[in-house]
Amino acid sequence: MVGVNVPGGGTWLELTKFHRPADQSDAAEPASNRLGFRHIACVVDDLDAVLDRLRAKGFTTVGEIVNYENIFRLCFVGGPEGLIVEVAEELPADSDNETSTH
């Protein structure tokens, strides 16, 4: 289980993976456009620090950290049960940052 608390409190999002009872269905990853809950996005203050904490807990990034239109630095993390978690850090309005990796 991993949880996310938004700045200022009041909202908590918990992501849980169930180990028992074992799922007997096909273990293949569903397509990203399949109906259901597949993607969630979170805005954070320090993307690198958040990714360091997630990696320390065994989560892996999907692709590299990218600069999205000089608005966000973001990357995707493989979450439990195939959930894709997008983690984004808002860039200053006058930012001219280039794509970077961590």
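Which residues are buried in helix α1 (residues 47-56)? I found Leu47, Val50, Leu51 and Leu54 buried there; buried means under 20% relative accessible area, exposed over 50%, and partly exposed in between, with a 1.4 Å probe and protein chains only. Seen down the axis of α1, these buried residues fall within an arc of 95 degrees, so they line one face of the helix. The arc is taken from the directions that run from the helix axis to the C-beta atoms.

**Ground rules.** I am reading a predicted model, where local features need pLDDT of at least 70 and side-chain atom pairs count only at pLDDT 80 or more, while totals for chains, interfaces and linings use all residues. Residues are numbered from 1 along each chain as its sequence is written, and side-chain values use heavy atoms, with hydrogens and water left out.

**Confidence.** I looked up pLDDT, the predictor's confidence in each residue, from 0 to 100. The chain averages 79, and 74% of the residues score at least 70. A reminder to myself: where pLDDT is low, the predicted coordinates should not be read in detail.

**Layout.** I noted 1 helix and 6 strands, in the order β-β-β-α-β-β-β from the N terminus on. Helices (H or I, at least four residues) and strands (E, at least two) are DSSP runs, numbered from the N terminus.

**Back to α1.** I turned the helix to the face away from its buried side, and there I found the exposed residues Arg53 and Ala56. After α1 comes Gly58, with a positive phi near 95 degrees.

**The core.** Next I looked up the largest nonpolar core, which has 12 residues, among them Ile40, Ile65, Cys75 and Leu83. Such a core is a set of buried Ala, Val, Leu, Ile, Met, Phe, Trp, Tyr and Cys residues joined through side-chain atoms within 4.5 Å. The elements giving two or more residues to this core are β3 (39-44), α1, β5 (72-78) and β6 (84-90). With 4 residues, α1 gives the most.

**Whole chain.** Last, I noted that 26% of the 102 residues count as buried.
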